[in-house]
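Me: I am new to this structure. Please take me through it in short steps.

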Amino acid sequence: MNANSRENWQDVERRTVSLIDKGHMLQRLGQNSEALASFDKAVTICRGMSDKSDSVALILAQALDNKASALMDLNRLAEAVPFFDEAIQVHEGIVRGDGREQDVREIAISVMNKGLALMRLGRSEEALACLERAVDSFD
């Protein structure tokens, strides 16, 4: 990795973390559509570089999870589920070996959030499977 690549990744990290933080603030203010737009920008920026840096991939997974949560806040539940799935997939792609406790926790949160979306959609069996997987991941 050359110095320019590292700096570029750091710029992406700083920018996307700022967009995620902005999205959280907008959610707290009840501005869910604006929060969704902020998370969506973070996802778009990270997608192009997530295969080159685990730290950018982790931020992508967090942005996807937050985007899905914002969609849930807007009662767009069916749209949220695929973003939870993608967040889980990205998290799992980062985890190596047994995974650190933080990695396992991140996956479990995404799985749990997907389960909540499925429950609200009336897909109880799928929701229960997600919630059981989330709980089992800590065993």
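Me: Is N113 buried or exposed?
Reply: This is a predicted model, where local features need pLDDT of at least 70, side-chain atom pairs count only at pLDDT 80 or more, and totals for chains, interfaces and linings use all residues. Residues are numbered from 1 along each chain as its sequence is written, and side-chain values use heavy atoms, with hydrogens and water left out. Buried means under 20% relative accessible area, exposed over 50%, and partly exposed in between (1.4 Å probe, protein chains only). N113 has a relative accessible area of 15%, so N113 is buried.

Me: Which helix holds N113, and which residues does N113 touch?
Reply: Helices are DSSP runs of H or I with at least four residues, strands are E runs of at least two, and both are numbered from the N terminus. By that count N113 lies in helix α5. Contact means heavy atoms within 4.5 Å. Not counting residues up to four places away in sequence, N113 touches D65, S69, M72 and F84.

Me: How many helices and strands does the chain have?
Reply: From the N terminus on, the elements run α-α-α-α-α-α. The secondary structure comes to six helices and zero strands.

Me: What percentage of the residues of the chain count as buried?
Reply: The chain has 139 residues. Of its contacts with a separation of 6 or more, 56% are between residues 24 or more positions apart. The buried part of the chain is 41%.

Me: Which residues have the most contacts inside the largest nonpolar core?
Reply: A nonpolar core is a set of buried Ala, Val, Leu, Ile, Met, Phe, Trp, Tyr and Cys residues joined through side-chain atoms within 4.5 Å. In soluble globular proteins, nonpolar side chains tend to be buried together. The largest core here has 40 residues, and those with the most contacts inside it are L64 and V90.

Me: Which helix supplies the largest share of this core?
Reply: The largest nonpolar core has 40 residues. The largest share is eleven residues, and it comes from α3.

Me: Which residues is V90 in contact with, leaving aside neighbours within four places in sequence?
Reply: V90 is one of the α4 residues that meet α3. Leaving aside those neighbours, the contacts of V90 are A57, L60, A61 and L64.

Me: Are α3 and α4 roughly parallel or antiparallel?
Reply: Axes are lines fitted to C-alpha atoms, for helices over the stretch in contact, and angles run from 0 to 180 degrees between N-to-C directions. The axes of α3 and α4 come within 8 Å and cross at roughly 160°. Angles under 35 degrees count as roughly parallel, over 145 as roughly antiparallel, 65 to 115 as roughly perpendicular and the rest as oblique. That makes α3 and α4 roughly antiparallel.

Me: How many nonpolar residues are in the contact of α3 with α4?
Reply: Ala, Val, Leu, Ile, Met, Phe, Trp, Tyr, Cys and Pro count as nonpolar, Asp, Glu, Lys and Arg as charged, and the others, Gly among them, as polar. The contact has two polar and five charged residues. Its nonpolar residues number 15.

Me: What is the angle between α2 and α3?
Reply: α2 and α3 are roughly antiparallel to each other. Their axes are 8 Å apart. The packing angle is about 155°.

Me: What is the relative accessible area of F39?
Reply: F39 is in helix α2. Among the residues that F39 touches are I20, H24, A63 and A70. F39 is buried, with a relative accessible area of 0%.

Me: How far apart are the C-alpha atoms of A57 and H91?
Reply: A57 is in helix α3, and H91 is in helix α4. Both count as buried, A57 at 6% relative accessibility and H91 at 4%. They are 34 residues apart along the chain, yet their C-alpha atoms are separated by 7.8 Å.

Me: What is the phi of N75?
Reply: N75 sits in the loop between α3 and α4. N75 is exposed, with a relative accessible area of 54%. Most residues other than glycine have a negative phi. N75 is not a glycine, but its phi is positive, about 60°.
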